[in-house]
Amino acid sequence: MKEKLVIIGNGMAPGRALEKLFETGPSRYSVTIFNAEPRVNYDRIMLSPVLSGEKSFEDIIIHGDGWYIEHGIMLYKGHRIVEIDREKRMVRSEQGATAEYDKLIIATGSVPFIIPVPGHKLPGVLSYRDLDDVHAMMLAAKGRGHAVVIGGGLLGLEAAAGLLNQGMSVTVLHVNPTLMERQLDPAAGYLLQRELERRGIEVITKANTKEIIGGSRVEAVLLDDGRRISADLVVMAVGIRPNAALGKEAGLAVNRGIVVNDQMQTSDPAIYALGECAEVGGTCYGLVAPLYSQANIVAAHLSGDSKAAFVPQYTATRLKVTGIDLYSVGDFAEGEDREEIVLRDATAGVYKRVILRDDRIIGAVLYGDTADGPWFFDMLKNGTDTRPMRDTLIFGQAYQGGTPLDPMAAVAALPDEAEICGCNGVCKGKITDAITGKGLTTLDGVRAHTKASASCGSCTGLVEQLLRATLGDGYNPAAVQPMCPCTDYGHDDVRRLIVAKSLKSIPAVMQELEWKTSCGCAKCRPALNYYLVADWPGEYEDDGQSRFINERVHANIQKDGTYSVVPRMWGGMTNPKELRAIADVADKFAIPAVKVTGGQRIDLLGVKKEDLPAVWADLNAAGMVSGAAYAKGLRTVKTCVGSDWCRFGTQDSTGLGIRIEKFMWGAWTPAKLKLAVSGCPRNCAEATCKDIGVICVDSGYDIHFAGAAGLDIKGTELLCHADTEDEALEIIVALTQLYREQGRYLERIYKWAKRVGTPSILANVVTDREKRRHYYERFVYSQTFAQVDPWEERVNGKDAHEFAAMAEFGLPVAAE
Amino acid sequence: MTDWIEIGTVQAIPRRGARCVSVPGGKIAVFRTQEDQIFAIENRCPHRNGPLSEGIVHGGSVTCPLHNWVFDLATGKALGADEGEVRTYPIDVVDGRIFLAADLVAVAAE
Ligand SMILES: Cc1cc2nc3c(=O)[nH]c(=O)nc-3n(C[C@H](O)[C@H](O)[C@H](O)COP(=O)(O)OP(=O)(O)OC[C@H]3O[C@@H](n4cnc5c(N)ncnc54)[C@H](O)[C@@H]3O)c2cc1C
Ligand code: SF4
Ligand code: SF4
Ligand code: FES
């Protein structure tokens, strides 16, 4: 007969305990689980990515239904246990289901703390603990509107960022002077606040909530200084309380949590408490890593190992908000007996502080660059004497031992027992064994087989380095790498530094940023040229030699070395005069192919390079300019006939398209930019797969963006609605300018938007009129230098060397 | 004794650029680097005949405009993972005037 093991609560901690229990072989237990939440075990840590839309619930399931079947586990979903009968060794659920136990594990987690202010029970006031809360928030976010998050700790800020991503405007109320004061010192708290505000989250510190106001649902939050913040949704994330009620009712020893010894046994030896509801050594833990250690102890104990004992431990914290790097561990309060080392780099947005006592690290706070977090943490755990590296400690591991050690070498040098993943307690040896043994080549593979970096993800970088160290070139991460082999900087750093350091020429960039090659390569030079053109209009002199041939000679090179020529046809409109000129040119220069393009233009293919200026001269004479069909810049604005001709047309789509094209032609952008304007939602101009598309409607103009119809196919996203043509134009122009300033070279709009997030784009070009105006004006200014027809310039002699041979020798040359 | 033929001046080629010399049967690409070194190679990429004179010139190399192979201008060898070689021609520069070996031009013409 198997012994009966019953578990109350199906969270992360007991899930881990069961895994451990089954790892050692067929279990001596038959297992029954009761879970108040009507679902399987999932990664609660990753609720925030679900809220922000970056992940789905399916992505974060730890044990699917199949797992329970495979292990013969009886899982009661949606059953809350209301009674533990210790006499009869039996539990009973709300619905009346019962189960007897030989061993019982209480793993009921925590309950969110709710401030009992008036109005806290109003509909629209939520907490943040489980998937139901996330669904409720996502539903509330559908109505856009304003969210107030009470609590500026880890949970509150993740909720705020998620709601912002879902399209709400967000205010965070925090009682303390700085955010996340339990994990961060004031300096890092300040940097964090600034970054959140930059993204459009309003942060009010020293805010005491007095009342939540509302009738049938929440309407506003009232602070005790009298301020009233209107709200369509209130999320309370002010802390958690161990869920010890069941234990208390059953007569177990309970303090803050259910009291257990270091083997996780409660005052009744048949009952264990595990996870956030347990209090061990006077402490209740609220992060996964120590809970997983507890789980291991319980599993060991259940398998008969009575020596395993829980050891208190520090855990590191990270904020899981995309794009914010933040790491803290240990004790970082100031004190008499402590020393600290601080590094600040304001332009790079980096702040690092390491706190030492008796030359040993007792705490660290890192903001902006957290790569060395695990290294500091390791020294903290090991009590490493830091005196030998005191001078360079703060610069991190790469700077130890004289010459900078590259991170790869550092990882390669770690012993096999070194812990890589704190959450899941996975050491290096286990990961490298899995990589070689199972033939893994991807991060996901390692996650699936070892769980390393599968929980909070903070050790992802280390795992990737292990992959690279083990596989060499066989590992090719999707992560963005340096711009090219000439530099260690990525595109974003280069762009930032160009502006921050006022670098206004390619040699200046290469000098200041310590390029490793004398004059770059074919990857970085065009990128730098674009960045300088975009960032210093009127000051930077375009470097033709750093442009691809197409942009240098303003035509498209073809596979046989001839060129194709596409004149501009504004909004796709043309007329007999233009068509005659095109026909004449085709005849005169014996142009072999004439084709209509997808962008509503006419393409003359197979033009000899030396004929280009003459071809352009004839086209210019008929009033046509370069169609820029070769440019990483504004290409075409496609239109339909709209209200001019079409019986469905709601607005003058052709006119708007022409207006946009006349306004924006000549502009360089990170990658090609194609637009379209459709006169009604029937969308004949196919605007919803363009970089920017407009759909005219009766009430005005719906502005779409971030579509793709190339290697990738993607429908656009709706950016906003504009009432007038003027407003539509201003928004489109501001959006383009934002993209010009933030995009990485060759990054199409849809990739850029995915990277920076729609909320930040909205905040810059839609919601904030003033910001929109700034971007608009910067574009207008830059256009004063850009709207010069490159064909006309070349017809008039510019770059003549491009179009003529240097010397020509006829056949008799050898005899000369 | 090699016969040298003048093909033009260093000035006539933009820095980090190239120009072509037409010879019977083909084109020779003459490159000028940032440091004013002059190289001459066949204007035809061994991959798929890309016109190398149209490529981006960086250091002592050029990147083919069609599919980004990179060639060392001095040796004509493809760099990196690609394998291939483009023909090089001897060049002489005197007082900013560029000379090409006449007999080699003739060979190229064959
Ligand atoms: C949004 C969010 C982000 C987080 N981020 C991080 C992070 O980055 N890093 C980190 O380390 N930790 C993080 N945490 C904390 C971490 O998720 C928890 O510490 C961990 O999940 C607790 O595990 P547990 O098993 O003790 O309890 P839980 O996972 O909370 O599971 C308890 C389960 O018991 C059920 N239950 C309760 N009472 C009963 C009853 N009477 N009968 C039956 N079932 C019952 C509950 O419904 C629940 O499903 C985060 C938490 C949240 C909510
Ligand atoms: S998109 Fe609408 S307005 Fe334009 S042509 Fe089609 S049906 Fe007519
Ligand atoms: S679809 Fe491919 S083959 Fe056709 S023109 Fe575009 S790149 Fe060339
Ligand atoms: S033709 Fe030169 S790389 Fe393909």
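Student: How many residue pairs are in polar contact between chain A and chain B?

Tutor: A polar contact is a pair of N or O atoms within 3.5 Å; within protein, one must be able to donate a hydrogen and the other to accept it, and residues adjacent in sequence count only if both atoms are side-chain atoms. Between chain A and chain B the count is 13 residue pairs, both at pLDDT 80 or more. This is a predicted model, where local features need pLDDT of at least 70 and side-chain atom pairs count only at pLDDT 80 or more, while totals for chains, interfaces and linings use all residues. Residues are numbered from 1 along each chain as its sequence is written, chains are lettered from A and ligands numbered from 1 in the order in which they are written, and side-chain values use heavy atoms, with hydrogens and water left out.

Student: Which salt bridges does the rule find across the interface?

Tutor: The rule asks for a side-chain nitrogen of Lys or Arg within 4 Å of a carboxyl oxygen of Asp or Glu. It finds 2 salt bridges between chain A and chain B. One of them joins Lys609(A) to Glu54(B), with the closest N and O atoms 2.6 Å apart.

Student: What area is buried between chain A and chain B?

Tutor: The size of an interface is often given as the accessible area lost when the parts come together. Buried area here uses a 1.4 Å probe and is summed over both parts. The value is about 2,500 Å², and carbon and sulfur atoms give 62% of it. In chain A, Gln545(A), Met806(A) and Phe809(A) lose the most area to chain B, together 30% of what that side buries. By contact (heavy atoms within 4.5 Å), chain A gives 33 residues and chain B gives 33 residues.

Student: Which strand of chain B pairs with E39(A), and in what sense?

Tutor: Strands of a sheet pair through backbone hydrogen bonds, either parallel or antiparallel. Strands are DSSP runs of at least two residues, numbered from the N terminus, and two of them pair if DSSP finds at least two bridges between them. E39(A) pairs with strand E2 (residues 17-23) of chain B in the parallel sense, over 2 bridges. Val21(B) is the bridge partner of Ala807(A).

Student: What is the strand order of the open sheet in chain B?

Tutor: The 4 strands run E5-E6-E7-E8, with antiparallel pairing. Strand E5 (56-58) and strand E8 (78-79) are the edges, each pairing on one side only. E5(B) and strand E6 (residues 61-63) are joined by 3 bridges, and His58(B) stands opposite Ser61(B).

Notes: Buried area is the accessible area (1.4 Å probe) that two parts lose on being put together, summed over both.
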